[in-house]
Amino acid sequence: MKPDLFEAPDYYNLDDLLSEEHKLVRDAAREWVKRDVSPIIEEYAQKAEFPTQIINGLAEIGAFGPYIPEEYGGAGLDQISYGLIMQEIERGDSGVRSTASVQSSLVMYPIWKYGSEEQRQKYLPKLASGEWMGSFGLTEPDHGSNPGGMTTNFKDMGDHYLLNGAKLWISNSPFCDIAVVWAKNEEGRIHGLIVERDMEGFSTPETHNKWSLRASATGELIFQDVKVPKENLLPNKSGLGAPLGCLDSARYGISWGAIGAAMDCYDTALRYAKERIQFGKPIAAFQLQQKKLAEMITEITKAQLLAFRLGQLKNDNKATSAQISMAKRNNVEMAINIAREARQILGGMGITGEYSIMRHMMNLESVITYEGTHDIHLLITGLDITGLNAFK
């Protein structure tokens, strides 16, 4: 088992912009990843299994709903702290960050923002502590980039709702205790419902044979005449804007998380290039390798500045959906390009599990697609700057 020697690059001294609390939160997450994630993650990725024993650790570092108020079990932190936690976790593995992102932004966030006070009190403390794990049901087998076309639906049966349909590509579904599910009522209006594990007709088959996010549990949510109590409907927001608001929070976290994956690939490649001797000198002394490394640190630095400024805007409630889309798209593309270049620096060793690069590269193939594909985010920016809708 190789020691985790990671040293975070900070070429523009961004630490000077962080508060002491930011640095404490980040460093706690970084040390936890080094201690509890790095030593085991390659093994779990190889056997395509999520390490459930790390759930308590994720809760302890505040990874579940860090910005949720303390009265509901959250840490009451700001948005930059949330981003830094996601950065450090994804430095360990994108799949582990996905678990935290779903719990925070796609399960706890809608209950906090759109739920009743009774729902907040019932669910949020147990989600924050990791006692309960959640999943988010929006994507369907036939509706991904067009979630408004969903066919999952519920009918008012008088004393309860009757839910039918299916969701696909759902992180955490195989072991979730609850699911926040988006479905259409009889008038075609989208609402959120909280579905609990023990409700009859609710099943969560696992998705196998993935080449990406192998250390993350992915599956389906299937609803066959599930009776959902009326008090489980999220009352404070409906329409497609409700789940999209959750996705904004998750995409923001991804924009930070992808930086973590990129930093890990860069740090690994830099260290290897200094140690690997060819033609009588370290390969870091050759121009083409320096070009790769210099471009990596430049792109990481740009992404750090983009995410930090977006965090400031989020703290001030000024960040737009389009700004979040730009950061998600840019930073994930940056990370996947760095992973590919870093793999080349390591040559054949880059494809082995002895180094993290190939795992990051495969994971990022999912990250560049989920929470809005690379192309869809480009069109969101296009719509924002031109005012013309290219989706229809």
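The lining of the largest pocket is made up of 17 nonpolar, 18 polar and seven charged residues. Keep in mind that you are looking at a predicted model.

**Stop one: the largest pocket.** This pocket holds about 1300 Å³ of space. To find its centre, select T139, G144, Y370, E371 and G372, the closest to it of the 42 lining residues. Next, colour helix 4 (94–114), strand 3 (160–171), helix 6 (241–275), helix 8 (321–346) and helix 10 (374–386); each of these gives at least two residues to the lining.

**Stop two: the second largest pocket.** Here you have about 590 Å³ of space. Select K2, P3, D4, E354 and Y355, which lie nearest the centre among the 25 residues of the lining. Then show helix 1 (20–46), helix 3 (79–92) and helix 6, each supplying at least two lining residues.

**Stop three: S135.** Now go to strand 1 (residues 134–137) and pick out S135. Is S135 buried or exposed? S135 counts as buried because its relative accessible area is 0%, and the cut-off for buried is under 20%.

To see what surrounds S135, show its contacts beyond four places in sequence: V102, V107, I170, S171, N172, S173, C176, I178, A179, V180 and L221.

Notes: Residues are numbered from 1 along each chain as its sequence is written. This is a predicted model: local features need pLDDT of at least 70, side-chain atom pairs count only at pLDDT 80 or more; totals for chains, interfaces and linings use all residues. Side-chain values use heavy atoms; hydrogens and water are left out. On a 1 Å grid over the protein atoms alone, a cavity is a set of points where a 1.4 Å probe fits but cannot get out, and a pocket is an open set with protein on both sides within 12 Å along at least five of seven lines; lining residues have an atom within 4 Å of a point. Grid points are joined across faces, edges and corners, and a volume is the space filled by probe spheres set on the points. Helices (H or I, at least four residues) and strands (E, at least two) are DSSP runs, numbered from the N terminus. Ala, Val, Leu, Ile, Met, Phe, Trp, Tyr, Cys and Pro count as nonpolar, Asp, Glu, Lys and Arg as charged, and the others, Gly among them, as polar. Buried means under 20% relative accessible area, exposed over 50%, partly exposed in between (1.4 Å probe, protein chains only). Contact means heavy atoms within 4.5 Å.
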